[in-house]
Amino acid sequence: MKIAEVSEQYEISTDTLRYYERVGLIPPVNRTESGIRDYNELDLRRVEFIKCMRSAGLPVEVLIEYVGLVQQGDKTIGARKEILIEQRALLAARMKEMQKTLDILDRKIEVYEQAVLKKEKEMIQTENQALDVI
C-alpha cells in the first residue's frame, strides 16, 4: 500500500507517517524500485497500533520507548507491560475527568431546555389569555 493510501485509510497525514518512520516507531518501510514507500501488512498493523495509542493520549516519547523495548525481545515483556499499565491508568483518569465534564454539560443543557420549555408555556398562556379577551 502506498503512503497516500495509508494516510487516507488511517486518517494520518503523510508527514506524520514519515515522522513515525524517522523516529523509529515504524521500521524503514520497503520501497519500490522508484523509491516509493510500499507498506506491507505488518507496517499497517504498526500504524494502526500507533494511531490507537496516540488517540489514547500516549506521548510519542513513550511510544518510542515502548517500540525500543519490543525490539529488544522477550526480556522486556515486564517493562512493556508496566508502560501499558501506567498509560492505561492515565487514560482512565482522563476519562473520569471527561465524564465529569460531560455530566456538567448535560446538566447545563437540561437547564437551558427547561428554560425554553418554561418560555414556550408562558407564550402559550399569553396567547390563550389574548384569545379569551377577544
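**Exercise 1. Placing E97**

State whether E97 is buried, partly exposed or exposed.

Solution. The relative accessibility of E97 is 45%, so the residue counts as partly exposed. The cut-offs are these: buried means under 20% relative accessible area, exposed over 50%, and partly exposed in between, with a 1.4 Å probe and protein chains only. The model is predicted, so local features need pLDDT of at least 70 and side-chain atom pairs count only at pLDDT 80 or more, while totals for chains, interfaces and linings use all residues. Residues are numbered from 1 along each chain as its sequence is written, and side-chain values use heavy atoms, with hydrogens and water left out.

Next, find the element. E97 sits in helix 5, which covers residues 77-133. Helices (H or I, at least four residues) and strands (E, at least two) are DSSP runs, numbered from the N terminus. Last, take a distance: from E97 to Q9, 88 residues away along the chain, the C-alpha atoms are 31 Å apart.

**Exercise 2. The overall form**

Describe which elements the protein has and how its radius of gyration stands against that of a compact globule.

Solution. Start with the elements. The protein has five helices and zero strands, and the order from the N terminus is α-α-α-α-α.

Then take the extent. The radius of gyration is 26 Å, whereas a compact globule of 134 residues would have one near 14 Å. This radius is taken over C-alpha atoms, and the globule rule is 2.2 Å times the number of residues to the power 0.38. Along the principal axes, the C-alpha atoms fill a box of roughly 90 × 40 × 20 Å.

Finally, look at burial and contacts. Of the 134 residues, 22% are buried. Among contacts (heavy atoms within 4.5 Å) between residues at least 6 apart in sequence, 43% join residues at least 24 apart.

**Exercise 3. The largest nonpolar core**

Find which residues of the largest nonpolar core touch the most other members, and which elements supply the core.

Solution. A nonpolar core is a set of buried Ala, Val, Leu, Ile, Met, Phe, Trp, Tyr and Cys residues joined through side-chain atoms within 4.5 Å. The largest one has 23 residues, and V6, L17, L25, Y39 and V47 touch the most other members. Two or more residues each come from helix 1 (3-10), helix 2 (14-22), helix 3 (41-55) and helix 4 (60-72). Helix 4 gives the largest share of this core, six residues.

Now take Y39 by itself. Residues up to four places away in sequence are not counted; beyond them, Y39 touches M1, K2, I3, V6, L17, E21, V29, L44 and V47.

**Exercise 4. S7 and its contacts**

Determine whether S7 is buried or exposed, and which residues S7 is in contact with.

Solution. S7 belongs to helix 1. Its relative accessibility is 15%, so S7 counts as buried. With neighbours within four places in sequence left aside, the contacts of S7 are I12, S13, T14 and L17.
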